[in-house]
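Subject: Structure for you to look at

Hello,

Here is the structure I promised to pass on. Please open it, then read my notes below.

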Amino acid sequence: MFSPRKTPVQPDDSEQGYRKIYGVFHWFLKVAVLRIFDDDYMAGPFFTFHMLDMSIAIVVVIFHFLHHLHDLDTVILSLSAFLAGVEVLLKIVGMVRRRQHVQRMLQTVLSDRSYRSAPTEAAICDKYQRLARKLLYVTVISYLTTCTMLLIYPVLAGELGNHVLPIGYAIPFLDYHQHPWYLANYILQIVQLHWVAIVFIGLDGPFYLFVCYSASQIEIMLEYLKRIGQNPDEDAEQGELIRKIFEAHTRLSEFLSECSFVYREIYLMQTLCSIGHICVSLFHIQLK
């Protein structure tokens with residue numbers, strides 16, 4: 001459980017910005033005790049614990065939903081919590097199933113040295129590394145802000161006196177309308193929602209790195225294509241450009257194919273759950 005952490009690639013170049021950005025995303029997974037992309041992750045019992053915890057939470061939400069059919073507020077919040085729980089469960093299980101593919105893709109991104117080729121390539125890579133850093137900030141702020149907004153809903157709606165919980169989840173067989181169980185449930189939901197936000201930051205982070213890396217390689221290939229024909233007398237230079245384009249295209253095609261394999265089913269299911277969650281939330285807002 002406390003075995004040394006192994007990252008996909010050991011740091012060997014302080015100039016590579018992607019490594020530092022991934023380090024932040026990896027820190028969030030470490031805080032959430034879900035170091036999915038580490039080699040020693042599966043050696044610990046945490047995955048089983050978290051899957052069991054989320055499965056129990058989903059069952060409790062269903063029980064809560066059925067037990068409070070007379071309370072429309074609770075029914076709506078329970079349905080929203082159920083969709084959110086299923087989304088998290090599918091996301092984590094999907095990423096664990098394809099963790100080896102993600103590890104290989106991370107190794108490709110973190111070991112890339114395209115910026116060493118020439119000043120033009122360095123400028124392109126630096127531009128997309130800055131974009132990756134911006135996406136890092138946006139991801140952290142947006143997920144934590146969304147979590148906070150969900151948690152303060154009862155406060156903003158003035159429903160604290162009515163013992164309304166942020167999401168339709170409550171400890172079973174205990175009346176959360178009674179003191180101190182309302183406070184206990186509220187604290188439990190604060191911990192759970194923050195854990196979910198931290199997990200999503202860590203799991204979605206590598207995807208943004210893959211997007212920025214792919215965009216940088218495409219722009220580098222376009223730069224090579226522009227140079228073809230500029231010096232027709234330099235046959236060796238033209239041949240070298242064609243070779244670079246061919247190698248970059250082959251490498252990027254394989255990378256994007258693996259990226260599509262990893263994310264297509266995960267993001268499809270996540271999108272469907274998110275759509276259902278948004279529809280339920282909008283209905284709740286309109287109802288209020």
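The largest nonpolar core has 50 residues. Tyr18, Phe37, Ile92, Trp195, Leu203 and Phe210 touch the most other members. Keep in mind that this is a predicted model.

Which helices supply this core? At least two residues each come from helix 1, helix 2 (46–67), helix 3 (72–97), helix 4, helix 5 (119–151), helix 7 (181–227) and helix 8 (235–287). Helix 7 gives the most, with 13 residues. There is also a second, separate core of ten residues. Ala57, Val60, Leu151 and Leu193 are among them.

Next, look at one helix pair. Two packed helices are described by the angle between their axes and the distance between the axes. Helix 1 covers residues 17–31, and helix 4 covers residues 99–110. Their axes come within 8 Å and cross at roughly 140°. Helix 1 is therefore oblique to helix 4. Which residues meet here? Tyr18, Arg19 and Tyr22 in helix 1 meet Leu106, Val109 and Leu110 in helix 4. Five residues of this contact are nonpolar, none is polar and one is charged.

Last, the record. An unreviewed UniProt entry lists residues 49–69, 75–96, 135–156 and 186–211 under "transmembrane region". I checked two of these stretches against the model. Residues 75–96 are 100% helix and 0% strand, with the end C-alpha atoms 32 Å apart. Residues 186–211 are also 100% helix and 0% strand. Their end C-alpha atoms are 37 Å apart.

Best wishes

Terms used:
Residues are numbered from 1 along each chain as its sequence is written. This is a predicted model: local features need pLDDT of at least 70, side-chain atom pairs count only at pLDDT 80 or more; totals for chains, interfaces and linings use all residues. Side-chain values use heavy atoms; hydrogens and water are left out. Axes are lines fitted to C-alpha atoms, for helices over the stretch in contact, and angles run from 0 to 180 degrees between N-to-C directions. Helices (H or I, at least four residues) and strands (E, at least two) are DSSP runs, numbered from the N terminus. Angles under 35 degrees count as roughly parallel, over 145 as roughly antiparallel, 65 to 115 as roughly perpendicular and the rest as oblique. Contact means heavy atoms within 4.5 Å. Ala, Val, Leu, Ile, Met, Phe, Trp, Tyr, Cys and Pro count as nonpolar, Asp, Glu, Lys and Arg as charged, and the others, Gly among them, as polar. A nonpolar core is a set of buried Ala, Val, Leu, Ile, Met, Phe, Trp, Tyr and Cys residues joined through side-chain atoms within 4.5 Å. Buried means under 20% relative accessible area, exposed over 50%, partly exposed in between (1.4 Å probe, protein chains only). UniProt positions are given in the numbering used here, feature names are shortened, and annotations may be inferred rather than shown by experiment.
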